[in-house]
Amino acid sequence: MLIATDLLKAALICASQEESRYYLRGVHLSTSGHLVTTDGHRMFVARLTDRPAADVIIPYSDVQAALKLAGARAQEIEITPERIGQIAYQPVDGTFPDWRRVVPTGEETPSNKPGANDGAEHVHFNNRYVGDFERMADILCGKGKLGQSTLHPVTASAPCLVTFGERADCFAVIMPVRRKLDRTAVLTRNVVMAG
């Protein structure tokens with residue numbers, strides 16, 4: 001099967017780097033016809049043109065090496081059960097989590113509990129991850145086109161869909177950061193303003 005290099009490059013940004021989560025340290029090719037990476041905080045999903053015969057997790061380092069060998073101008077890389085491009089790989093011996101559970105369905109609704117502050121206007125994200133989505137947009141949509149990654153929050157506690165320009169073949173998901181109101185900062189600001 002052939003996979004577009006831009007999808008692989010974007011996917012690597014969301015792959016885990018944690019040794020203890022070895023089953024997330026790679027690119028998952030699913031028999032559902034999807035390519036998926038996640039580090040537990042964000043996830044990248046792309047629809048493949050072909051379905052692999054079996055689920056497989058290709059190690060991060062092998063995907064990275066294959067992309068480097070293919071060169072910047074390569075637009076596709078061939079993947080077989082034993083090779084990615086020119087690199088022979090041993091699949092990660094582990095089970096990739098059920099990634100579909102965290103994909104927003106569009107049916108999420110904010111909590112109606114008083115004081116829950118669960119509306120989209122209260123959502124917070126890790127700034128570094130938001131910056132990474134712009135890097136991914138540069139890869140997927142072309143450099144220099146501002147605003148190519150768009151976050152679509154519905155609630156402050158549910159996973160948030162991220163889209164990339166006009167690309168219909170891929171998307172990302174980011175988990176919001178849970179924050180408590182820092183009352184000391186509010187009190188300090190009120191004292192300064194009153195004084």
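Before looking at helix packing I noted that axes are lines fitted to C-alpha atoms, for helices over the stretch in contact, and that angles run from 0 to 180 degrees between N-to-C directions. Helices (H or I, at least four residues) and strands (E, at least two) are DSSP runs, numbered from the N terminus.

This is a predicted model, in which local features need pLDDT of at least 70 and side-chain atom pairs count only at pLDDT 80 or more, while totals for chains, interfaces and linings use all residues. Residues are numbered from 1 along each chain as its sequence is written, and side-chain values use heavy atoms, with hydrogens and water left out.

Entry 1, helix packing. I looked up α1 and α3, whose axes come within 9 Å and cross at roughly 170°. Angles under 35 degrees count as roughly parallel, over 145 as roughly antiparallel, 65 to 115 as roughly perpendicular and the rest as oblique, so I recorded α1 and α3 as roughly antiparallel to each other. Taking contact as heavy atoms within 4.5 Å, I found D6, L7, K9, A10, I13 and C14 of α1 meeting D132, R135, M136, I139 and L140 of α3.

Leaving aside neighbours within four places in sequence, T5 is in contact with L67, A74, Q75, E76 and I77.

I took a core as a set of buried Ala, Val, Leu, Ile, Met, Phe, Trp, Tyr and Cys residues joined through side-chain atoms within 4.5 Å. The largest nonpolar core has 41 residues, and those with the most contacts inside it are L8, L29, L35, F44, I84 and F164. The largest share of this core, seven residues, comes from α1. A second, separate core of nine residues includes L24, V36, I57 and W99.

Rings of Phe, Tyr and Trp (its six-membered ring) pair if their centres lie within 6.5 Å, with planes under 30 degrees apart counted as stacked, over 60 as edge-to-face and the rest as tilted. I counted three aromatic pairs by this rule. Y22 and Y23 form an edge-to-face pair, 5.5 Å centre to centre with 85° between the planes. Ring pairs also link F44, F133 and F164 into a cluster.

Definitions and conventions: Buried < 20%, exposed > 50% of the residue type's maximum accessible area, 1.4 Å probe, protein only.
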